[in-house]
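Today's notebook page is open, and I am going through one protein fold piece by piece.

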Amino acid sequence: MDRKNIIISEGFRPLWQTLVAAAFYTLAVILLAMFFFGFEIFPDKGMDNSWNFKVFYIAVACAAQGILFSSVKSIFFDLKNKKYKEEYRVGPFGVGKWKALPTIEYVSVFRQLKANGSYTYEVNLWLKGNKSFTIYETGDMATTFAMGESTARSLKVDLLDATVPNDFKWVDL
C-alpha cells in the first residue's frame with residue numbers, strides 16, 4: 001500500500017448543525033438587507049435601520065456563528081512533495097496553505113480527559129524535538145485507532161498506543 005497523498009477530513013456536518021448554520025446565514029442576510037437598504041421586519045414610522053451599525057454588528061455575529069456551525073477541517077498530506085496543508089472549508093470555499101512537512105518520528109493514539117469528565121481519543125504526529133500536532137479527534141476509540149494505524153502505515157513510521165494511561169505500547173504494523 002504505497003500512497004502519495006493522505007486526506008484526513010471531519011467529513012460532513014450533522015443535519016442539525018447544517019440547519020442551525022442555515023438559520024444563522026439567513027438571519028445575517030436579512031440583517032444586512034436592513035442595514036444597507038433600510039428594510040424593516042416590523043415597519044414603524046420614524047424608525048429607519050439603514051446604516052444602523054448595531055444591526056450590522058448583529059449580522060456579522062450571525063454570519064460568524066453560521067461559519068462555526070458549517071466549517072469542516074481537513075488535513076492534506078502530499079508525501080511525494082513532502083508537504084501538508086490544514087484547510088478549513090465552508091461549502092465550496094476553503095482556506096489553507098501548503099507547508100513543508102517536517103520529519104515525523106512516530107504517530108500516537110491516546111486518550112484525553114475532557115473538562116466535563118468524558119474522554120476523547122486523538123491521533124497525533126510527533127516531530128523531532130518532542131513537538132506534536134493533532135490530526136484527528138473523536139470520542140470513538142476504534143475509529144481513532146484505525147485512523148492512527150492507517151496514518152502510520154502511509155507515513156512509514158511507528159505507532160504508539162497511549163490509550164491506557166501510564167501503559168504505553170508500540171504497535172506492530
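**Entry 1, first pairing.** I began with β1 and strand β2 (residues 72-78), which pair in the antiparallel sense over five bridges. Ile-8 sits opposite Ile-75 of β2. For the record, helices (H or I, at least four residues) and strands (E, at least two) are DSSP runs numbered from the N terminus, and two strands pair if DSSP finds at least two bridges between them.

I am working on a predicted model, where local features need pLDDT of at least 70 and side-chain atom pairs count only at pLDDT 80 or more, while totals for chains, interfaces and linings use all residues. Residues are numbered from 1 along each chain as its sequence is written, and side-chain values use heavy atoms, with hydrogens and water left out.

I traced an open sheet of four strands in the order β1-β2-β3-β4, with antiparallel pairing. Its edge strands, β1 (5-9) and β4 (93-100), each pair on one side only.

I found eight bridges joining strand β3 (residues 83-90) to β4, and the two run antiparallel. Tyr-84 has Lys-99 in β4 as its bridge partner. β3 and β4 make a hairpin with two residues between them, and Gly-91 in the turn has a positive phi of about 65 degrees. How many of the eight residues of β4 are buried? The number is zero, so β4 lies largely in the open. (Buried means under 20% relative accessible area, exposed over 50%, partly exposed in between, with a 1.4 Å probe and protein chains only.)

A nonpolar core is a set of buried Ala, Val, Leu, Ile, Met, Phe, Trp, Tyr and Cys residues joined through side-chain atoms within 4.5 Å. I see 21 residues in the largest one, and Phe-77, Ile-104, Val-107, Leu-125, Ile-135 and Leu-155 have the most contacts inside it. At least two residues of this core come from each of β1, β2, β5 (104-113), β6 (119-127), β7 (131-138) and α3 (141-155). A second, separate core has seven residues, among them Leu-31, Met-34, Val-55 and Cys-62.

I checked its length: at 1.5 Å times one less than the number of residues, the 15 residues of α3 should span 21 Å, and its end C-alpha atoms are 21 Å apart, which agrees. Buried residues in α3 include Phe-145, Gly-148 and Leu-155. Among the elements covering the buried residues of α3 are β8 (158-162) and β9 (169-171). Lys-156 follows α3, with a positive phi near 60 degrees.

Conventions. Contact = heavy atoms within 4.5 Å.
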